[in-house]
Amino acid sequence: MPIPMELQHASDDFERFLADARDGSGLATRNQTYTMVEGVLRTFRRRLAVQQALNFADALPPILRAIFVSRWDISEPVLPFADRATLTREVQGLRQHHNFAPDNCLVEVARALRRHVDAGAFDRVLATLPDGAADYWRA
């Protein structure tokens, strides 16, 4: 079996995603954008049970999938979804001295992500997740 196309082009696809997220958020560098994206993914992951998170990860492109599950302590309690301001502050708290995520980081990462996923598969998995999940990714 040949290597799946999504894996063959994973790095190029990830660079395009980062550029979209960077441009939308007004950040200056890939590193700043990476921290913002990682914060958005981790903040979302904290609100899902393990199986829910794995189902969601399957809807992500390969490198974003890896970031989503990286350094995950599955023994942490699942948190409830909160208002956008609270979620945004949580994103901004990741490596806070090196985090330049703007106040619209959730919207901008959602916009970029939606340009790089299969929209139908993404929306189908969101529909299976707890209340607040679909709103989190509303652009």
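This is a predicted model: local features need pLDDT of at least 70, side-chain atom pairs count only at pLDDT 80 or more; totals for chains, interfaces and linings use all residues.
Leaving aside neighbours within four places in sequence, which residues is Ala112 in contact with? The legends below start there.

View 1. Residues are numbered from 1 along each chain as its sequence is written, and side-chain values use heavy atoms, with hydrogens and water left out. Ala112 is in contact (heavy atoms within 4.5 Å) with Phe17, Asp20 and Ala21, once neighbours within four places in sequence are set aside. Ala112 sits in helix 7; helices here are DSSP runs of H or I with at least four residues, strands are runs of E with at least two, and both are numbered from the N terminus. With a relative accessible area of 0%, Ala112 is buried. Buried means under 20% relative accessible area, exposed means over 50%, and partly exposed is in between (1.4 Å probe, protein chains only). Ser25 is 87 residues from Ala112 in sequence, yet their C-alpha atoms are 9.7 Å apart in space.

View 2. The buried ones are Cys105, Leu106, Glu108, Val109, Ala110, Ala112 and Leu113. Their cover includes helix 2 (10–25), helix 3 (30–45), helix 5 (62–69), helix 6 (84–93), helix 8 (119–127) and helix 9 (133–136).

**View 3. Thr88, over in helix 6.** Thr88 belongs to helix 6 and counts as buried because its relative accessibility is 8%. Skip the neighbours within four places in sequence, and Thr88 is in contact with Pro102, Asp103, Cys105 and Leu106. Cys105 and Leu106 are among the buried residues of helix 7.

**View 4. Phe44 and the nonpolar core.** A nonpolar core is a set of buried Ala, Val, Leu, Ile, Met, Phe, Trp, Tyr and Cys residues joined through side-chain atoms within 4.5 Å. The largest one here has 37 residues, and Phe17, Phe44, Phe56 and Trp137 have the most contacts inside it. Helices 2, 3, 4 (50–57), 5, 6, 7, 8 and 9 each give it two or more residues. Helix 7 gives the most, with 6. Zoom in on Phe44: neighbours within four places in sequence aside, Phe44 is in contact with Phe56, Phe68, Phe81, Leu126, Leu129, Ala133, Tyr136 and Trp137.

**View 5. Helix 5 and the residue after it.** Pro62, Leu64, Ile67 and Phe68 are the buried residues of helix 5. What covers them includes helix 1 (5–8), helix 2, helix 3, helix 4 and helix 7. After helix 5 comes Arg71, with a positive phi near 50 degrees.

**View 6. Stepping back to the chain.** The chain has 9 helices and 0 strands. Buried residues make up 40% of its 139 residues. Take the contacts between residues at least 6 apart in sequence, and 69% of them join residues at least 24 apart. The C-alpha atoms fill a box of roughly 45 × 35 × 25 Å, taken along the principal axes.
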